[in-house]
Amino acid sequence: MTLYEQHPVSITNSLSGKKEPFVPLNPPFVGLYSCGPTVYNEVHLGNLRTFTAFDVVYRYLTHIGYRVRYVRNITDAGHLTNDAGEGVDRIEESAKLEQLEPMEVVQKYTTSFHEVCRIFNILPPSIEPTATGHIVEQIEMVKKILDNGYAYETNGSVYFDVRRFMEKYKYGELSGRNIDDLLEGTRELDRQDEKRNSVDFAIWKAVSPNHIQRWPSPWGEGIPGWHLECSAMGTKYLGKTFDIHGGGMDLKFPHHECEIAQNVGAYGVTPVRYWMHANMLTVNGEKMSKSKGNSFLPKELFTGAHPLLEKAYSPMAVRFFMLQSHYSSTLDFSNEALSAAEKGFKKLSNALGAIKKLDFIPLGAEDHELTKELEKLITACYTNMSDDFNTAKTLAVLFEMTSWINDWKAGKGTAIASETFERFKQTFISFMEDVLGLREEEEHNQEMIDGIIQVLIELRKQARTNKNYALSDKIRDDLKALGIQLMDGKAGDMSYTID
Ligand code: AMP
Ligand code: ZN
């Protein structure tokens, strides 16, 4: 029996709002898509929360034996400032501001995104397609939607016709929006407007010749609509219907709603069986976003160089902080919460280092009750993760496991079966490293190093006072061998340097 059969996964499906048993279309294969970054600036911590959430989904499904094809795109064209397909092009705008080619902007921030993912231990997806690499597929999809009568062309742009679509299909189901509310909330269209209805959205947008990023199409030169790229690339790599689609909660509407409409409009089938949405990282209750000025970049976290940060935090402490809450709850950033996470993570990291070095020492006759208790903890790791990827509860179990590890580290034996010990050890290591992506962090505890060297300096002084030169030289030479150079000062003081 596979691990996924032993521990069946359930997922809160945003479509139904309910937790549902996860039944892939074609097990052991699983198709997973998540919306990637728009590479016009650096990703901030909020973006990383969403990427971390789906990294863990990918990691866990793989761990329990599914063969996951994980597609996470790079939006390098077509994302305008207004999600309805209006406003300025984000990449063109950055290119102007930074005096770069749009593709230089794309390259710069894609490279930096990959670097941040590496630091945060976010795995590369199986396929990382770009919008600019799939213009042909997007144009084909626009043609299909037009042929099916769910879009119209105006002045070289093509708009999705929401009203026509709604004559046959539903629109707004994922986000629970009512189309009439949508219409009420939007402005009246004047006669020059290219759109028939304000809820219509661009699937192809004409641009002027001074727009650097533009491609020829049957409707003239232009760019694909932002929502379209995910429809086209999801379909290309995962099929017309696939298992899981994820993204941040803020993408539910309009992005994901439009994605569904485009797929149904082109192929007549809904694209996704399970929609998953990660909730927002907030600062004082407000969504972290670049435009609000309350976002920080990963680099700022590691150096502490931001007015909102009291100190620097390590990447794994930050990752642990994110995993301490369920992906579907909002997570509020604060220095207190991060400092607490730092301490918590250190405990787990120390236990990880310790258990890797521990071998089983049998102690007396096996205590069956105790063996059962430890087996329960092992199972709990799986049941919690299979329960809608509950990282918070899984971490709580790992903390319980830590107390046992600390006992064993302190030399306290436990009368359990050796297979249980081995399974316990493997489970702890694999849930930390493979499933949650938390790796041991080397501690550079400068304060402690300083303290220890001062003790040695003091001992050396005493040895010299006692004319025990053999000992004082030994202290100096042994430290030197470790790259620590003692320097005698004028007034008998000593200092040191480290190579
Ligand atoms: P973008 O580059 O703006 O398309 O965003 C990339 C991903 O980050 C999307 O899935 C967004 O939903 C997500 N995101 C943006 N802001 C936040 C936030 N404050 N908390 C969590 N996820 C976010
Ligand atoms: Zn998307």
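This is a predicted model: local features need pLDDT of at least 70, side-chain atom pairs count only at pLDDT 80 or more; totals for chains, interfaces and linings use all residues.
**Exercise 1. The largest pocket**

Which element gives the most to the lining of the largest pocket?

*Solution.* 

Step 1. Begin with the space itself: the largest pocket holds about 800 Å³.

Step 2. Turn to the residues around this space. The lining consists of 32 residues. Those nearest the centre of the pocket are Asn47, Arg90, Asp250, Leu251 and Lys287.

Step 3. Assign the lining to secondary structure. Two or more residues come from each of α2 (45-63), β11 (242-248) and α9 (252-267). Helix α2 contributes the most, namely 4 residues.

Step 4. Sort the lining by class. There are 15 polar, 11 nonpolar and 6 charged residues in the lining of the largest pocket.

**Exercise 2. Ligand 1 and its shell**

Locate ligand 1 and determine which residues surround it and which atoms make polar contacts with it.

*Solution.* 

Step 1. Ligand 1 takes up the space of the largest pocket, the one described in Exercise 1.

Step 2. List the neighbours. With a cut-off of 4 Å between heavy atoms, 16 residues are found around ligand 1.

Step 3. Inspect the polar contacts, for which the N or O atoms must lie within 3.5 Å. On the side-chain part, an N or O atom of Asn47 is 3.1 Å from an oxygen atom of ligand 1.

Step 4. Relate the shell to secondary structure and class. At least two residues of the shell come from α2 and at least two from β11; the largest share, 4 residues, belongs to α2. The shell comprises 8 polar, 6 nonpolar and 2 charged residues.

**Exercise 3. The cavities**

How many cavities of 30 Å³ or more are counted, and which residues line the largest cavity?

*Solution.* 

Step 1. Count the cavities: there are 2 of 30 Å³ or more. The largest cavity contains about 110 Å³ of space.

Step 2. Identify the lining. Arg49, Thr52, Ala53, Val56 and Val57 are among the residues that line the largest cavity, together with Met322, Leu323, Ser325, Tyr327, Phe389 and Thr391.

Step 3. Assign the lining to elements. Helices α2 and α11 (315-323) each provide at least two residues, and α2 provides the most, with 5.

Step 4. Sort by class. The lining of the largest cavity has 7 nonpolar, 3 polar and 1 charged residues.

**Exercise 4. Backbone geometry**

Where do Pro28, Pro254 and Asp388 lie, and what backbone feature marks each of them?

*Solution.* 

Step 1. Examine Pro28. The peptide bond from Pro27 to Pro28 is cis, and its omega is near 5 degrees. Pro28 lies in the loop between β2 (18-21) and β3 (29-34).

Step 2. Examine Pro254. A cis peptide bond runs from Phe253 to Pro254, with omega near 0 degrees. Pro254 belongs to helix α9, an element that also gives two or more residues to the lining of the largest pocket.

Step 3. Examine Asp388. This residue, which is not a glycine, has a positive phi near 55 degrees. Asp388 is located in the loop between α13 (368-386) and α14 (391-409).

Key. Residues are numbered from 1 along each chain as its sequence is written. Chains are lettered from A and ligands numbered from 1 in the order in which they are written. Side-chain values use heavy atoms; hydrogens and water are left out. On a 1 Å grid over the protein atoms alone, a cavity is a set of points where a 1.4 Å probe fits but cannot get out, and a pocket is an open set with protein on both sides within 12 Å along at least five of seven lines; lining residues have an atom within 4 Å of a point. Grid points are joined across faces, edges and corners, and a volume is the space filled by probe spheres set on the points. Ala, Val, Leu, Ile, Met, Phe, Trp, Tyr, Cys and Pro count as nonpolar, Asp, Glu, Lys and Arg as charged, and the others, Gly among them, as polar. A polar contact is a pair of N or O atoms within 3.5 Å; within protein, one must be able to donate a hydrogen and the other to accept it, and residues adjacent in sequence count only if both atoms are side-chain atoms. A molecule sits in a cavity or pocket if more than half of its atoms lie within 2 Å of its grid points.
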